[in-house]
Amino acid sequence: MNVAGPLISVVIPVYNTQKYLERCVESVLCQSYGNLEVILVDDGSPDNCGKMCDAFAQQDARIRVIHQDNEGQASARNRGLDIAKGEYIGFVDSDDYIDTGMYNSLYTLLVKNDVQIACCGTCVVDEQGKTKSTFNNPTEGIILYDRDQALGEHLHNTRITSSLCDKLYVAEIFNGIRMIEGMIYEDMEVLPRCLAKAQQVVYSSEPLYYNVMTANSTMRGRFSLRQFDMMKAGKLRFIFYQKSCHEHINLAKEMLIEICLSLIYKSYGNKECDALRNEAIREAIVCYKSIEARQQRMKTRFKMCLLHIGIPVFSYTMKLYYSISKSINEFMFRMSRS
C-alpha cells in the first residue's frame with residue numbers, strides 16, 4: 001500500500017443507499033494508494049446510512065463524517081469540498097464502487113504527465129457486480145488532451161464523461177468552483193468549468209470505476225419533473241461553451257438538443273410535465289434553427305423531422321429506436337467479451 005504520497009480526499013455523498021454503502025466504502029478504504037481521507041456526507045438519509053457512517057469512522061481513522069439535513073447531492077459534495085484537506089480530490093457515489101488500484105493509477109497518471117485532471121474508464125454493472133456495458137473502448141490506452149480538446153471530448157460523454165466520479169483532480173481546480181445546490185445532474189454543469197481550469201487532461205481507458213445499475217438511481221428511477229434539471233444543466237453548459245469555448249459551440253447545441261429530445265420522449269403522456277415538455281420542444285427548435293444545415297448531424301435532423309410531424313409519432317419511433325439500439329449494443333458488448 002502506497003502511504004507516502006500526498007493526501008487524496010475522497011468525497012462520498014450518502015443518501016438512502018444502506019444496501020450498497022459498505023461495498024462502496026470498503027472499495028475506497030482498500031485502495032492500493034493508502035494516504036486517503038474519506039469524507040462521508042450523510043445528507044439526512046432516512047435509512048441507517050447515518051449510523052453506518054459513524055460506525056465506519058470508529059473503525060478507520062481516515063474517515064470523516066458530516067451529518068446534514070437533506071439538501072441534495074450537490075450540497076453534500078460542496079460540504080465535503082469545504083472541509084477536504086487533500087492535495088487531490090476524488091468523488092464516489094455511495095451506490096457505486098471502485099477498483100482497488102483506481103487512485104494509485106490516476107495519481108500516477110497525473111504526476112507522470114504533469115496534468116491537473118486524470119480520467120479513467122467506467123463499467124456499468126448490475127447489483128451483483130456483473131458487467132453490463134462500458135462507456136468507452138477499454139483498449140484505447142492513454143490519451144493526453146489540451147484544454148480545448150478535453151472540453152470537446154467531454155461533450156461526447158464517452159472518454160471524458162459528464163460524471164465527476166471517474167476522475168482525480170488537483171485540489172486547486174475547485175478553488176472558486178462549487179456545485180449548484182438544489183439541482184440534480186450538477187456534474188454536467190460543473191465539469192466543463194473544471195476542465196477549463198486544467199491546462200491538460202489525461203485519460204486512461206482502463207475501466208476502474210463501477211457504476212451500479214440500481215432501481216432508484218437518478219437515471220433509472222421513475223420519471224419525474226426533477227429530470228428536467230438535465231435540460232437546465234445542459235443550457236448552463238451551453239452558455240459556458242458560448243462564453244469560454246466557442247470552438248465547440250455547435251456540438252454543445254446538438255448535445256442540448258439531444259437532452260431536450262430525450263426528455264420529450266421520456267415525459268410523453270405525463271400530464272404534470274406538459275409545461276416543461278413544451279419548454280424542451282421550444283429549446284430544441286431554437287437550437288436546431290441556429291445550427292447551419294451543413295453542420296447538423298443526420299441523426300439530429302431525423303429526430304427533429306419526427307418531432308415536427310408530431311409528438312406521438314416522435315415518441316413511438318424513439319421507443320423503437322432505443323429498443324433496437326439497446327439490443328445492438330448488448331449484442332456487440334457480448335461479442336467483444338466472447
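Which residues do ring pairs link into a cluster? They are Tyr33, Tyr88 and Tyr107. Please keep in mind throughout that this is a predicted model.

1. Aromatic pairs. Tyr169 and Phe174 are both buried. Phe223 and Phe228 also form an edge-to-face pair, with 5.8 Å from centre to centre and 85° between the planes. Phe223 has a relative accessible area of 14% and is therefore buried, and Phe228, at 4% relative accessibility, counts as buried too.

2. Helices α6 and α7. Two packed helices are described by the angle between their axes and the distance between the axes. For helix α6 (residues 186-197) and helix α7 (residues 229-244), the axes come within 7 Å and cross at roughly 25°. An angle under 35 degrees counts as roughly parallel, so α6 and α7 are roughly parallel to each other. On the α6 side the contact involves Met188, Glu189, Pro192, Arg193 and Ala196. These meet Met230, Ala233, Gly234, Leu236, Arg237, Phe240 and Tyr241 of α7. Sorted by class, the contact of α6 with α7 has eight nonpolar residues, one polar and three charged.

3. Helices α9 and α10. Here helix α9 (residues 274-289) and helix α10 (residues 298-309) have axes that come within 12 Å and cross at roughly 130°. The two helices are therefore oblique to each other, and α9 passes α10 in a left-handed crossing. From α9, the contact is made by Ile281, Ala284, Ile285 and Tyr288. From α10, the partners are Thr300, Arg301, Met304, Leu307 and His308. The residues of this contact divide into six nonpolar, two polar and one charged.

4. Helix α3. Do look at the buried residues of helix α3 (residues 73-83): Ala74, Ser75, Ala76, Arg77, Asn78, Gly80 and Leu81. What do the buried residues of α3 pack against? Their neighbours are the strands β1 (8-14), β2 (36-43), β3 (63-68) and β4, together with α6. That brings α6 back into the picture, as the helix whose axis comes within 7 Å of that of α7.

5. Asp95. You will find Asp95 in the loop between β4 (88-91) and β5 (97-98). Is Asp95 buried or exposed? Its relative accessibility is 14%, so Asp95 counts as buried. Leaving out residues up to four places away in sequence, Asp95 touches Thr17, Tyr20, Arg23, Val212 and Thr214.

6. Backbone points to check. Most residues other than glycine have a negative phi. Asn157 has a positive phi of about 60° although it is not a glycine. Asn157 is in the loop between α5 (147-156) and β9 (167-170) and, at 29% relative accessibility, counts as partly exposed. Tyr185 is another residue other than glycine with a positive phi, near 60°. Tyr185 lies in the loop between β9 and α6, and its relative accessible area of 12% means that Tyr185 is buried.

Conventions
Residues are numbered from 1 along each chain as its sequence is written. This is a predicted model: local features need pLDDT of at least 70, side-chain atom pairs count only at pLDDT 80 or more; totals for chains, interfaces and linings use all residues. Side-chain values use heavy atoms; hydrogens and water are left out. Axes are lines fitted to C-alpha atoms, for helices over the stretch in contact, and angles run from 0 to 180 degrees between N-to-C directions. Helices (H or I, at least four residues) and strands (E, at least two) are DSSP runs, numbered from the N terminus. Angles under 35 degrees count as roughly parallel, over 145 as roughly antiparallel, 65 to 115 as roughly perpendicular and the rest as oblique. A crossing is left-handed if the near helix is turned anticlockwise from the far one by less than a right angle, and right-handed if clockwise. Contact means heavy atoms within 4.5 Å. Ala, Val, Leu, Ile, Met, Phe, Trp, Tyr, Cys and Pro count as nonpolar, Asp, Glu, Lys and Arg as charged, and the others, Gly among them, as polar. Buried means under 20% relative accessible area, exposed over 50%, partly exposed in between (1.4 Å probe, protein chains only). Rings of Phe, Tyr and Trp (its six-membered ring) pair if their centres lie within 6.5 Å; planes under 30 degrees apart count as stacked, over 60 as edge-to-face and the rest as tilted.
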